[in-house]
Amino acid sequence: VPSAGSDLLVMQNPCWNNANTYPSPWNFQLLSWLENAPEFVTFESSWYYNPNNKQILYYSANSTPINAVLPVLDKLLVIQGAKNNPVRNLVFDGLVFEYATWYEPNSINGYVSDQSSFILKGGGYESNIIGHQKIVYDSGSNISLGYAQNITFQNNQFTHLGGVGVALYLGSQNNKIINNVFNDISSSAIQVGSVTRDYMRPDKTDVVKDNLVQNNYISYTGQDYYDTAGIMIGYTNNTQILNNDISHTPWSSVAIGWGWGLFDKGGFPGLPGATYGMWGNYITPTIQSNNLIKSNKFSYFLEQLWDGGAVYTNGSQGTDMSNGLQIVLNVANNKRESAGSNIYYTDGGSQYILVESNASYENRTGTVYFGPCLIPGTLIPYGSAIYKICLGNQIIPYGAEMGGCLPVGDLTYKSNYFENPLKFFGPELCHNSEIPPYPVNLLINNNIAESYGQIPNWIIEQAGVQN
């Protein structure tokens, strides 16, 4: 808000304080944009909403009428059972869910993202050196399920939504999201499970398990919140992500897992600067196991950010390879060319993952980008405070088809069609003196160097929505 009698802006708290608990280069050194002031209505299709008189000022170069919709509801549908009395056996078929908002970012908490739509709320956060906080909260969801079983969403349209489209929370089991279209979503289209607090090690009634997301068209997600994945999977058991077509995402197409090893058995410090036990001492594994990401088509990802992937993982995905995560028969293409990323990205703490028979094409290696440089001793009045690091912007190459920063290991990449079938990118950049060189038990076997024309047609054709 403007400071009285001044042209300075006074930032609201706890939002601003929370944002600045993150270290360089993850903290907020620059405002990305300002919005919703009448002074900004200076170009075609720009607009301003006056919260006092409930009117919209809209800039149009001609007198052609427009149809404007200002959503009011932030919950279109809530299916909420009880721990010992779940909601069961509902089908939503052929409906349109559209025009919803989400009010939390307009509160004193704002939108302080940790990663992938999980945010900081309230006070008590301390400064950290690892770029992540232990306690985070879910973003708002426009359609949500909790303690819900055998619920089916099929042949529906989800569009113009202001939060997460559909979220499956605590106790969501045996639900299906199939044959739908998701488009123009402010956050993730779908979230399966959550990440911290009581979601980590609940009893069997609480576990988010046996849910299916299949044959959905998902496009233009993260329209307001660039940190989000098209589909986000938290702590779950036997989640299946099959034959979806996911395109035009600002960050990753699919993200799965949490904690960078710090919530896993033994507390592996999978971030530079992390230490064993800094988020607690855990002697049992999380519920994460038996998840499958298969035969999906990922295209036009990393359209706004960098350091993500077609599939991004972090944390342990099981207790051994027999119940770990399988990423198989997916096809990824047309990453934003300049965006540095790994395509199949096994990040901090990742363990027990099979990446087999996937394809990647037209995903050229991108570069780092830390924002514009504010160079000491110059007259440039704006820019990032990360001097010297930012000098590598759009110069230093970053990424490959395989890679990750400080994964544990037990990773198998085999029989994939990659342009660079041997390169595992990341360990040369990421270091932590607490642990020896990682990853361990990294198997890269029988991957095939290719161009698009060398990928078997059957792999291309079986990926994505099947009519």
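This report describes the salt bridges of a predicted model.

## Count and network

Five salt bridges are found in the structure. Lys83, Asp203 and Asp206 are joined by salt bridges into a network.

## Glu104 and Lys121

A salt bridge connects the side chains of Glu104 and Lys121, with an N to O distance of 3.8 Å. Glu104 sits in the loop between strand S5 (96–98) and strand S6 (113–115), while Lys121 sits in the loop between strand S7 (118–119) and strand S8 (141–146), so the pair ties together parts that are 17 residues apart in sequence.

Lys121 has a relative accessible area of 27% and is partly exposed.

## Glu337 and Arg364

The side chains of Glu337 and Arg364 form a salt bridge at 3.2 Å, N to O. This pair links distant parts of the chain, 27 residues apart: Glu337 belongs to the loop between strand S25 (331–333) and strand S26 (344–346), and Arg364 to the loop between strand S28 (359–361) and strand S29 (366–367).

The two partners fall into separate accessibility classes. Glu337 is partly exposed, its relative accessible area being 49%. Arg364, with a relative accessible area of 54%, is exposed, because the exposed class begins over 50%.

## Lys423 and Glu428

Lys423 and Glu428 meet through their side chains in a salt bridge of 3.1 Å, N to O. Lys423 is partly exposed at a relative accessible area of 32%, and Glu428 is also partly exposed, with 37% relative accessibility.

Key: Residues numbered from 1 in each chain as written. Predicted model: local features only at pLDDT ≥ 70, side-chain atom pairs only at ≥ 80, totals over all residues. Heavy atoms only, no water. Salt bridge = Lys/Arg side-chain N within 4 Å of Asp/Glu carboxyl O. Helix = DSSP H or I, 4+ residues; strand = E, 2+ residues; numbered from the N terminus. Buried < 20%, exposed > 50% of the residue type's maximum accessible area, 1.4 Å probe, protein only.
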